[in-house]
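The sequence and structure come first.

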Amino acid sequence: MRVTKGAQIVAGTALLALAVAACGGGASDGGGTAAGGSETPVRMEIGEPQELLVPQNTTETEGSEVLAAVFSPLVGYDENKQPVEEAAESITTSDSKVWTIKLKPGYTWHDGTPVTAEDYKRAWDFAAYQDNAMSSSYFFGRVDGYNDVHPGEGKTPTAKEMKGLKVVDDNTLEVTLSAPFSQFKTMLGYTAFYPLPKSAFGPDGKVTQEYGEKPIGQGLFKLDKPYKKGTDQTIELSVYDKFTGAKPKNWTKLQFKVYTSSETAYNDLQAENLDIHDSLPASAIAGAKAALGDRYHDEPDASVGYIGVPLKYNPEFNNPDIRKAISMAIDRKTITETVFSGTRAPADDFINPAIPGYRQGACDACTYNPAEAKKLYESAKGPKTLELGYNADGGHKEWIEAVANNLRANLGIEVSPKPFEKFQGILDALDAKEYKGLFRMGWSIDYPSPENYLTPIFGTGAIETGSNYGGYSNKEFDALVAKGDQATDPAEGLKFYQQADDILIKELPYIPVYFYRSNFGNSTKVKNVKLNLLNQVEWADIEKA
Amino acid sequence: MGRYVIRRLIQAIPVLLGATLLIFVIVFALPGDPIAALFGDKRPDPAVAEVLREQYHLNDPLLLQYWYYISGVLFRGDFGVNFADVPVSQLMAGKFQVTLNLAVTALVMEAVIGVGLGLFAALRRGKASDTMILAATLLLISVPTLVTGFVLQLVLGVKLKQWTGADIFPVAGVFAGWRSYLLPGFVLAGLGVAYLTRLTRTSLVETLRADFIRTATAKGLSRRRVIGRHGLRNALIPMVTYLGADLGNLMGGAVITETIFNLPGIGNQLFQSVYLREQPVVVGIVTVLVLIYILANLVVDMLYAVLDPRIRYE
């Protein structure tokens, strides 16, 4: 999951958070054009990748952005948000349980050797194997045999390879899941499912340090030289000549520039030292609209912000009417417009608008209705005092304070925001029974499927191993999600997921507050900048102006 | 003199060892789980977290962890790795270079501007220009680095480039060689310039009242020689002390400036590593910083003897 923005940029931005709204304003009139013999690269902002550049160990946004340029995923996503084959020729199944992946011929590694089905199997087995401690291991949890290679804490794996992965021939991989999962094809676009060449591995069977500094992929760009993490401030890439997919029209060089603060990167964008900045700071949004004009972009982002309810830990919240009353007492529109300067949108469903299955206005209790909220809260005998936990390292204080003010004013109760150092601290305190109040929660998708807003956060199975931190459990909900998983027709699957979504809307195990938006800008030197469903830049579409 | 230097260096060894232990313990005592921090807002897979904890010796008692670390440093010259398996020595080498460039730029600016203004003010004591300089330094002291940094970056970096099209003061990064350090160096020097101006002024005013200055003037020496050779040289000791101590501050305390101007320096790295609780990185950096303090102090002490021949070291 990509809730983690690179730690560096989070810390750097938090450090500079004191200087809110210091920059912006003034019209830009272009600036100079760089001359010179060699090609000026297209330059994009990133935070420092958290780990070495190994796809199976990259679950944060910054490293993923780089790897997405170096690798070509099995599936991409079309305008209707549906998965379409990219490095795969076809991905087929008859029962949603056994999946046959045929590779598109012609793909080669950047060292010239052909990509084979074995390269996929090797990478996936490596990722899933417990002792390799890859952060993306849980992505393979649905593959048959995952429990043999990843039996859990304190247990020793009994196999090195998952029995559900079978290489049929050089171009065909057969994946058997432990249970049918209709959304498996959608999952395959994620970083964890990239292949790895044989040369990535050292004699000890682990991915080498050398590979992590200069990953050899099978995608559009290859690295010009190793990226020395911590020392290098740029990652230099150029188009791989033998890449058979779509290529950019009039440029071949790409450069990622590592920033520790998004404010600084925004200043560099204005000075035309940077071409694409995909995480504009909230403090600059108002100014950016004026300064960048049509080079400022605002698109839906698949992440959601909630107020989490500790159902498992605190029986006070058991009555759904209490949760509904709290939800109705929150003025989402004002909070998104003022606290977030429009970089968020009010949430009105559990499924985000960027993903198929979203229904506008589905959540009735997400509409601001203070009078009704107060009536409901009093008749349900809601608690007279509430605590609102949040992690102080992620810029959440302001909106949590705003929600607290809403609840105080509209429900007439005591509300105290409670900062924790890190998000993990809230979970630890809940587990240790030291804290039992409401808590701030955020969710970014692992793969663009409506199912991803349901099972990992609210499924009964996710209490132990997933992100169901509130401990919500509802058999009817679990059954509907399972029906969706088993469906063989995507439309039918969607129907069941929406029915499961309806249960969440009725019961409000968490209170959705806002949907994220992607705010990005580009310089005058490039045009046609677009982000895909995974918030990665579509490089082939970009043209130099 | 040679023996004195050697003695001072030997004295530094327990200081350095003590510092490593102290920092190691402090980082250990920070709340929160460093492995969990790697996973952001998501609870890590317990099995994966356990393997990582084992790999980085986080399950061992504090003293054993310290032993693993210090024995690596002492016997193998290995400063350990951070949580992304990048060697700390590689991290430090690049970042200390950047910070050293920045600190030296700032120090030179402090010395030139600070001493210059101080000298000017001292010689015009009580006049309008003196008062103006004092007021200006007061302003400089009271405006935080954050503000000077952002304002100068916006005006001289962004706006100037938009108006002229020329990249005179780079907005961020270290891509333009020494020019990259001008703006951040100036921002960093700001506070030091103010202190040094006031220090120079006071010290010089004091010295110029001394008997030997009157004697020198009475001997018929030129004003230039009286002030330069007799006044300034004698007034220099507090200034040198200040500059020596400031080098240490500039090396380790430039976090905000480094972040604003996106310089991959040591202050920033230290901040990030404390945030991520990367013990080997924090300890490594702090140890080198302590070493720099010790050496800077030693050099300052040596300079005393050069400036004032009455001071001798045995």
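Buried residues make up 41% of the 314 residues in chain B, where a residue is buried if 20 or more other C-beta atoms, placed from the backbone, lie within 10 Å of its own, exposed if 12 or fewer, and partly exposed in between. This is a predicted model: local features need pLDDT of at least 70, side-chain atom pairs count only at pLDDT 80 or more, and totals for chains, interfaces and linings use all residues. Residues are numbered from 1 along each chain as its sequence is written, while chains are lettered from A and ligands numbered from 1 in the order in which they are written.

**Fold of chain B**

- Chain B has 13 helices and zero strands; helices (H or I, at least four residues) and strands (E, at least two) are DSSP runs, numbered from the N terminus.
- The C-alpha trace of chain B spans about 85 × 60 × 30 Å along its principal axes.
- Of the contacts in chain B with a separation of 6 or more, 73% join residues 24 or more positions apart; two residues are in contact if their C-beta atoms, placed from the backbone, lie within 7 Å.

**Annotated spans**

- An unreviewed UniProt entry annotates "transmembrane region" in chain B at residues 12–30, 98–121, 133–156, 176–196, 235–261 and 281–307; positions are given in the numbering used here, feature names are shortened, and annotations may be inferred rather than shown by experiment.
- Residues 235–261 of chain B are 89% helix and 0% strand, with end C-alpha atoms 35 Å apart.
- Residues 281–307 of chain B are 100% helix and 0% strand, with end C-alpha atoms 38 Å apart.

**Nonpolar core**

- The largest nonpolar core has 239 residues, and A:Ala69, A:Ala325 and A:Val403 have the most contacts inside it; such a core is a set of buried Ala, Val, Leu, Ile, Met, Phe, Trp, Tyr and Cys residues joined through C-beta atoms within 7 Å.
- Helix H5 (residues 88–123) of chain B gives the largest share of this core, 14 residues.
- Leaving out residues up to four places away in sequence, A:Val403 touches A:Ile307, A:Ile330, A:Ile335 and A:Leu388.

**Contact with chain A**

- In chain B, 52 residues are in contact with 54 residues of chain A.
- H7(B) supplies the largest share of the side of chain B that touches chain A, eight residues.
- The residues of that side of chain B divide into 29 nonpolar, 14 polar and nine charged; Ala, Val, Leu, Ile, Met, Phe, Trp, Tyr, Cys and Pro count as nonpolar, Asp, Glu, Lys and Arg as charged, and the others, Gly among them, as polar.
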